[in-house]
Structure formats: structure tokens, C-alpha cells
Amino acid sequence: MQIATTITQFLADEQSGQPHGNPDLLALLGQVVTACKIISNEVNKGALSGVMGSLESENIQGETQKKLDVITNDIFICTTERGGRLAGMASEEMDDVYQIPDHYSRGQYLLVFDPLDGSSNVDVNISVGTIFSVLRYEGSSAHPSAADFLQPGTQQVAAGYALYGSSTMLVITTGRGVNGFTLDTNIGEFVLTHADMAIPTDTKEFAINASNQRFWEEPVLRYVTECVAGKTGPRGRDFNMRWVASMVAEVHRILIRGGIFMYPKDNKDPTKAGKLRLMYEANPMSFIVEQAGGLSSTGRQRILDVQPEGLHQRVPVILGSKNEVEVVLSYHAGQ
Ligand code: P6P
């Protein structure tokens with residue numbers, strides 16, 4: 001009898017064949033998968049849930065919090081804090097490190113997440129997602145500090161996202177390629193539907209918030225202007241543009257059909273190095289993109305090599321199809 005491969009079985013097989021395959025990591029990822037199932041159920045209720053709209057509060061980013069931002073953050077915490085695999089957590093929605101309550105056992109991993117990325121879209125029924133990253137805890141204290149999280153993206157042991165779209169998908173890497181799973185609501189399991197995901201090296205599709213054009217640096221302005229010039233311009237071919245305002249949806253599209261996504265450094269707010277956050281947006285997505293054969297850069301540095309200086313640090317992001325990202329990087333290098 002042919003039974004679909006569930007994410008639990010896939011990850012167990014993947015870990016079992018590895019010299020450092022770790023049952024603790026497997027257990028933690030299982031808890032993260034459960035959290036994403038619960039969030040999917042909440043998000044997909046839409047207006048029926050009674051939790052649309054915003055709160056009066058703002059997160060540390062100064063962004064108005066959606067009711068679902070807080071609810072999904074709580075779901076992540078409640079689903080993982082008791083599992084005995086975590087030393088601590090950090091999230092877009094929490095100012096500081098979340099300490100595992102003393103009455104729960106602890107583990108060797110740190111979990112960093114954006115519980116509902118693109119949440120400004122949730123009220124208008126456009127796809128949103130969850131992004132997560134797993135790091136090793138190298139300290140000895142029962143209460144990790146923010147400094148314990150400040151590891152370059154190359155130190156991630158796993159990263160992934162859930163996309164709450166026309167179907168709910170979970171895409172994950174543990175450093176051995178990228179695989180995609182679709183939630184089969186009939187059995188309540190994510191089943192393997194997109195094995196060995198690979199980003200096409202070329203693309204004709206770029207994604208950027210063009211309303212920021214007047215704030216862009218010259219290399220980005222040059223690149224986008226040439227894309228828009230199409231066949232009549234120096235690129236000699238037409239391009240298409242997309243902007244969903246949900247990074248998870250953009251990255252997923254790029255994993256499926258290629259593309260380049262840019263939220264570059266701009267001078268809209270010179271105090272900010274970019275809009276996207278390194279620890280729980282740029283790093284996990286860069287790990288996935290590189291594992292799928294793409295590139296991910298600040299424009300001046302490989303994102304996974306950036307040494308974090310703060311839990312909520314922002315970085316410029318240029319990621320996607322290898323050959324197209326290299327064009328943008330060449331412009332940053334003055335070529
Ligand atoms: P803008 C969502 O808030 C997010 O962090 C990413 O998911 C998304 O790509 C970006 O911000 C959208 O930003 O300025 O277009 O609203």
C-alpha cells in the first residue's frame with residue numbers, strides 16, 4: 001500500500017541517516033510543525049474567528065500588532081516551551097528573550113520566529129506565513145541571554161516557513177536541501193509534495209515595493225530601471241513584477257518558479273539598515289534560498305555571514321535566482 005510521506009517520517013529518515021542526526025532536534029521540529037497546524041486553523045477561520053483587526057499595542061518594531069500576531073506568538077510558545085528541547089525563544093512580537101519556565105525541562109536549542117509574517121495582509125485575506133529558525137544553545141546558564149542568540153545565519157541547524165495560502169504548506173531545511181509539505185486536512189498531517197526544491201538560476205520576475213523608489217541606492221535603481229525598460233533596454237528582455245507584501249509568499253513563489261526579491265537598504269529612514277529583520281526573517285529565508293541553489297545578500301555581504309548585533313536588527317535583503325542576484329551584486333560592486 002502506498003502511503004504519503006508525512007513530514008514527521010521524512011525528518012526522521014533524514015535525521016537517521018546523519019552522523020549527527022539528533023532526536024532532540026527531531027522532537028523540537030515536531031512541536032514547531034504542530035504549532036503551524038494550530039496557527040493554520042486559526043488563520044483559516046478568517047473573520048469567523050472574531051480575531052481580525054489590530055490591537056492598540058505596538059511591537060518593538062513600532063508596528064501596530066494584529067490580534068493574530070499575539071495569538072500566534074502565544075501558540076508558538078505554548079506548543080514548544082514544555083517539550084524539553086529548548087533553552088529559550090525569541091520572536092518579532094517579544095522585546096526580549098523568552099525564558100523557559102523553571103518548572104519545565106530545558107534543551108540545547110534556541111528557537112527564533114516570526115509567528116505571523118505579513119500580518120498586515122490578514123484582514124484582506126492575502127497569504128501570510130510563519131518563519132522559524134533553530135540555533136544551538138552554547139551557553140551553560142539556565143537562562144540564555146540575547147547574546148546567546150546573536151549567531152550568524154551559518155550556525156542555523158534548521159529553518160523553515162509555513163505559508164497559509166490556498167493550501168497550507170510547510171517548507172523546511174536542516175542543511176540537506178529543501179523540501180515542501182502540504183497540509184492534508186483529512187488526516188491532519190503535512191505530506192511531502194515538493195521534494196528537493198530548487199530555485200531556477202534565471203528569472204524574468206522581480207519583487208520590490210516600488211513606492212520606495214525615490215529612497216533606493218543607485219545600484220537598485222539601475223537594476224529596476226533596466227528591468228522596466230524590458231526589450232528596449234540593456235537587458236534586452238521583458239520582466240514581470242510582483243509585490244505581495246508578505247515575504248513568505250514571495251520566497252515561496254521564488255522557490256517554485258524563480259525570481260528575485262528585494263527589500264534593499266534605502267534612505268527612507270537612515271537609522272534603519274533595511275526593513276526586514278535578520279534573525280527571524282532574513283536568516284531563515286537565506287538558509288532556505290541557499291539550500292535551494294539561490295543567493296541571498298545584503299548587496300554587500302552574504303546574509304548568512306552577517307554577525308548579528310541585536311535580536312531585532314534589520315538588514316537589506318536581495319535574494320533569489322542566482323544569476324539575477326549576481327547582476328544586482330555586480331551593480332553594487334560598481335560594475
Ligand atoms: P511593505 C511584512 O510586514 C514584511 O515584514 C515582509 O513580510 C514583507 O515582505 C514586507 O514587510 C512588506 O513591507 O513596506 O511593502 O509593507
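The model is predicted, so local features need pLDDT of at least 70 and side-chain atom pairs count only at pLDDT 80 or more, while totals for chains, interfaces and linings use all residues. Residues are numbered from 1 along each chain as its sequence is written, and side-chain values use heavy atoms, with hydrogens and water left out.

**Around the ligand**

- The ligand has 13 residues around it, and D117, N209, W243, M247 and Y263 come nearest; a residue counts as near if one of its heavy atoms lies within 4 Å.
- W243 has a side-chain N or O atom 2.9 Å from an oxygen atom of the ligand.
- For E281, a polar side-chain atom is 3.0 Å from a ligand oxygen, and for R277 the distance from a side-chain N or O atom to a ligand oxygen is 3.4 Å; a polar contact is a pair of N or O atoms within 3.5 Å.
- On its own the ligand has 400 Å² of accessible area, and the protein covers 83% of that (Shrake-Rupley method, 1.4 Å probe).
- Six nonpolar, three polar and four charged residues make up this shell.
- β13 (260-263) and β14 (276-277) each supply at least two shell residues; strands are DSSP runs of E with at least two residues, and helices are runs of H or I with at least four.

**The largest pocket**

- This pocket is where the ligand sits, meaning that more than half of its atoms lie within 2 Å of the pocket's grid points.
- A pocket is an open set of points on a 1 Å grid over the protein atoms alone, with protein on both sides within 12 Å along at least five of seven lines, and lining residues have an atom within 4 Å of a point.
- The volume of the largest pocket is about 460 Å³.
- Its lining holds 27 residues, with E63, G118, S120, A245 and K275 nearest the centre.
- Seven nonpolar, nine polar and eleven charged residues form that lining.

**The largest cavity**

- One cavity of 30 Å³ or more is present; in a cavity a 1.4 Å probe fits but cannot get out.
- Residues lining the largest cavity include I208, N212, W216 and D266.

Methods
Polar contact = N/O pair within 3.5 Å; in protein donor to acceptor, adjacent residues only side chain to side chain. Nonpolar A, V, L, I, M, F, W, Y, C, P; charged D, E, K, R; others polar. Points joined across faces, edges and corners; volume = space filled by probe spheres on them.
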